[in-house]
Structures are given as structure tokens and as C-alpha cells.
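Please read them alongside the sequence and coordinates shown below.

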Amino acid sequence: MTGAVIGVGATSIADRAKWRREQNKHRSDVKRELYAAYLAAVAKTWNDIRAAVIDSTDPWPERARQAELAYRNGGVYELRYQMAITAPPEIVVLSDQTMKGIRDLVQGLIAGRTYSTWAQLQSDGRPWFDAFDAMRAGMRRDLDPSALPVPDGQT
């Protein structure tokens, strides 16, 4: 009888450990997919805004409208809500800063701000670029705490 109790107990402990590993892997997979989707949405939105602002030959009111459409259709705003319930607080704060930085840039364009060079646009976007870089590094650490940081200029 004692042997059976020990056997059942050992099996239960092993099953519980396996269940925890599977749950942790599932959580990590969900985060990985969300992080990848958020990063892709930010990159696509930014590229579309940059194209509207710098590459377009349209007059400025139209460029601002194109940038606003890029922001609205990019998916950043919607994915940010998923980030709020899935990611750790420090990553949520950085995702907010990134999304709000893009939004503020677009609102400035709508209000009449113009850019004639990539350097000007990049300079005005520096605060949210920095938040984006910090968020990406935080995501990397969250998914793999032993991950080394990506060297500057390698992203």
C-alpha cells in the first residue's frame, strides 16, 4: 500500500511539473507571437508614414492624410491593447510610448508640420525610436532572460 501511494504521489508530482512546463511554454509562445506582431505593425506603420512623408511627391495636406491612414491601418493601436494584458508592465509602458510617439507625429503632420528630409523626420521621432528599441530589448529579455543584447547598429 505504501508503495502504491509513493508511486501515485511521484506520478502526480511529475505530471504537475510537466503541466507547468507546458503552461510556461504556451505563455512564451503567445508572447512571442504577440511581440512579433506588434513589432511588425510598428515597422510597417513607420515605413508607410515615412513613405508618405518623405518619398511622396503629393502636396502636404495629402501626405499628412496618407500618414494618418498608415497609422490607422497599421494595427499598432489595436495590438497595443493585447500588449496591455499580456506583456510585463515595463514592456507595456514602452509599447505605449512607441504608439503614442507615432500618434503624436501623425497629429503634428495633420496640424501642418512638414518634413523635407529623412534626418528631420528621424530626429523628431527619436524619443519613440528609443522607446521602441528599449521595448524590443525588453521583449527579448522577457522571452529569454539569458539573451544577450543586440549590438547597436545590428537592428
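1. The model is predicted. In it, helices H2 and H4 pack with their axes 8 Å apart, at an angle of about 155 degrees. Because this angle is over 145 degrees, H2 counts as roughly antiparallel to H4. The crossing of the pair is left-handed.

2. H2 contributes Trp-60, Ala-64, Ala-67, Glu-68 and Tyr-71. These meet Met-99, Ile-102, Arg-103, Val-106, Leu-109 and Ile-110 of H4.

3. H4, which spans residues 89-110, also packs against H6, with an angle of about 150 degrees and axes 8 Å apart. H4 and H6 are therefore roughly antiparallel to each other, and their crossing is left-handed. On the H4 side the contact is made by Ile-91, Leu-94, Ser-95, Gln-97, Thr-98, Gly-101 and Ile-102. On the H6 side it is made by Trp-128, Ala-131, Phe-132, Ala-134, Met-135, Gly-138, Met-139 and Asp-142.

4. H6 covers residues 126-143, which is 18 residues. The distance from its first C-alpha to its last is 26 Å, close to the 26 Å expected at 1.5 Å a residue. Its buried residues include Trp-128, Phe-129, Ala-131, Phe-132, Met-135, Gly-138 and Met-139.

5. Where does Lys-31 lie? Lys-31 belongs to helix H1, residues 2-55. Its relative accessible area is 19%, so Lys-31 counts as buried, the cut-off for that class being under 20%. The side chains of Lys-31 and Asp-142 are joined by a polar contact of 3.1 Å. With neighbours within four places in sequence left aside, Lys-31 is in contact with Thr-86, Pro-88, Asp-142 and Leu-143.

6. Is Pro-61 buried or exposed? Pro-61 is found in H2, residues 60-73, and its relative accessibility of 66% makes it exposed, because that class begins over 50%. Asn-47 lies 14 residues from Pro-61 along the chain, and their C-alpha atoms are separated by 19 Å.

Technical notes:
Residues are numbered from 1 along each chain as its sequence is written. This is a predicted model: local features need pLDDT of at least 70, side-chain atom pairs count only at pLDDT 80 or more; totals for chains, interfaces and linings use all residues. Side-chain values use heavy atoms; hydrogens and water are left out. Helices (H or I, at least four residues) and strands (E, at least two) are DSSP runs, numbered from the N terminus. Buried means under 20% relative accessible area, exposed over 50%, partly exposed in between (1.4 Å probe, protein chains only). A polar contact is a pair of N or O atoms within 3.5 Å; within protein, one must be able to donate a hydrogen and the other to accept it, and residues adjacent in sequence count only if both atoms are side-chain atoms. Contact means heavy atoms within 4.5 Å. The expected span of a helix is 1.5 Å times one less than its number of residues. Axes are lines fitted to C-alpha atoms, for helices over the stretch in contact, and angles run from 0 to 180 degrees between N-to-C directions. Angles under 35 degrees count as roughly parallel, over 145 as roughly antiparallel, 65 to 115 as roughly perpendicular and the rest as oblique. A crossing is left-handed if the near helix is turned anticlockwise from the far one by less than a right angle, and right-handed if clockwise.
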